[in-house]
Amino acid sequence: MKPHVYVTRKIDSDIVAKLNEAAEVSMWPEEDVPVPREVLEREIRHADGLFCLLTEKIDDTLLAGAERLSVIANMAVGYNNIDVAAASARGIKVTNTPGVLTETTADLTFALLMAAARRLVEASDYLRRGDWVTWSPMQLTGQDVYGARLGIIGLGRIGEALARRADAFGMQVSYYSRTRKPHAEERLSLTYAEMDDLLRESDFVCILVPYSPDTHGLIGRRELSLMKSTAVLVNTSRGGIVDEAALYDALKSKTIWAAGLDVFEREPVATDHPLLTLPNVVALPHIGSASVKTRLRMGHMAADNLIQALQGGTPPNWVNRPE
Ligand code: NAP
Ligand code: GLV
């Protein structure tokens, strides 16, 4: 008998076909509506494998009802939506999708950096409102990107890919990360900095650390107060890494110049969120990896991980593999 897989969102038909070869597949039929918790609770009871998105909270309570489950394949590189310790304690493998989204997410991070620095959204809105009556010397002036100093917090796959883009813009790049990367320092001419120094010295600060209890609120009031008044903060990792109330105050009082945000503590962010009232915020709905090719690659990668695990193999992107 084939194992049973539950897929928490309508996904590409080729990926479903791939899963169908190895398993009996049930799928939440909506593309833009998340699976309700009660449906997930019901479906997971008889699932051997779960294909899920970062929108699903896979916690211990949910896993308590998942007696047959042996693998959770997350279609994302970040897996903070999953209680990995709880999964490990129940012998459930957890997998993610690293690498395939690195360049696409680095592109978006750099695009946000430029959009915030040069006020692209604000300028476009200004034009569409009919406020553009003349060219004037200091109208909609922003910050230079070329030749500026970039500070990267979290020098992993995406952090390195961002550093390569920065090099093409003549930027000097510093980084702060959990472990020093001497090879990357040499290869990409990077300078290691302690976080406070990086915040004080950078014109642009990009956050690319994973979200965990260690990084919750990593950028708070004190950290923002260290930054230059002309600095731009870009967060394409997870919303909870930045204290949003502190960021609002820093942007409102011009303690920092602008922010580019692809992620929020609560997603979807409420349309009346204070940050969205500020002209110096460029806000996006978590689209870092959203290119057609990349999203399909992520889906196939999650499916491959799931199938390997169900067949008793070693999934290539097994995040809780025992040492
Ligand atoms: P990665 O290769 O694992 O890189 C993360 C880096 O952060 C690693 O170098 C890691 O250090 C470092 N780090 C971990 N915890 C830290 C801490 N407490 N303090 C300082 N540095 C720490 O991951 P990635 O593939 O680059 O992805 C990074 C994150 O981007 C993901 O976790 C996800 O949240 C986010 N993301 C968002 C989108 C989007 O759509 N917006 C898309 C993709 C990814 P070590 O080298 O010591 O492990
Ligand atoms: C997206 O945010 C991811 O972690 O893949």
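## Close-ups of a helix pair and a parallel sheet

**View 1. Helix H1 (residues 13–22) packs against helix H12 (residues 292–310) at an angle of about 5 degrees, and their axes sit 9 Å apart.** Keep in mind that this is a predicted model. Angles under 35 degrees count as roughly parallel, so that label goes to H1 and H12. On the H1 side, the residues that make the contact are Asp-14, Ile-15, Lys-18, Leu-19 and Ala-22. What they meet in H12 is Leu-296, Gly-299, His-300, Ala-303, Asp-304, Leu-306 and Ile-307. Sorted by class, this contact of H1 with H12 comes out as seven nonpolar, two polar and three charged residues.

**View 2. Seven strands line up in an open sheet with parallel pairing.** Reading across, the order is S8-S7-S6-S9-S10-S11-S12. At the edges are strand S8 (190–192) and strand S12 (281–283), each of which pairs on one side only. Ignoring direction, neighbouring strands of this sheet are turned by 20 degrees against each other on average.

**View 3. Zooming in on strand S6 (residues 149–153), we find it mostly covered.** Four of the five residues in S6 are buried. In the sheet order, S6 sits between S7 and S9, so here are both of those pairings in turn.

On one side, S6 pairs with strand S7 (residues 172–176) in the parallel sense, over five bridges. Two spots are handy for finding your way along this pairing: Gly-151 stands opposite Ser-174 in S7, and Ile-153 has Tyr-176 of S7 as its bridge partner.

**View 4. Helix H7 (residues 157–168) carries the chain from S6 over to S7.** This β-α-β crossover is right-handed. Which strands does H7 lie across? They are S6, S7, S8 and S9, and H7 runs at about 175 degrees to S6.

Conventions
Residues are numbered from 1 along each chain as its sequence is written. Chains are lettered from A and ligands numbered from 1 in the order in which they are written. This is a predicted model: local features need pLDDT of at least 70, side-chain atom pairs count only at pLDDT 80 or more; totals for chains, interfaces and linings use all residues. Side-chain values use heavy atoms; hydrogens and water are left out. Buried means under 20% relative accessible area, exposed over 50%, partly exposed in between (1.4 Å probe, protein chains only). A crossover is right-handed if, with the strands pointing away from the viewer, the path from the first strand over the helix to the second runs clockwise. Axes are lines fitted to C-alpha atoms, for helices over the stretch in contact, and angles run from 0 to 180 degrees between N-to-C directions. Angles under 35 degrees count as roughly parallel, over 145 as roughly antiparallel, 65 to 115 as roughly perpendicular and the rest as oblique. Contact means heavy atoms within 4.5 Å. Ala, Val, Leu, Ile, Met, Phe, Trp, Tyr, Cys and Pro count as nonpolar, Asp, Glu, Lys and Arg as charged, and the others, Gly among them, as polar.
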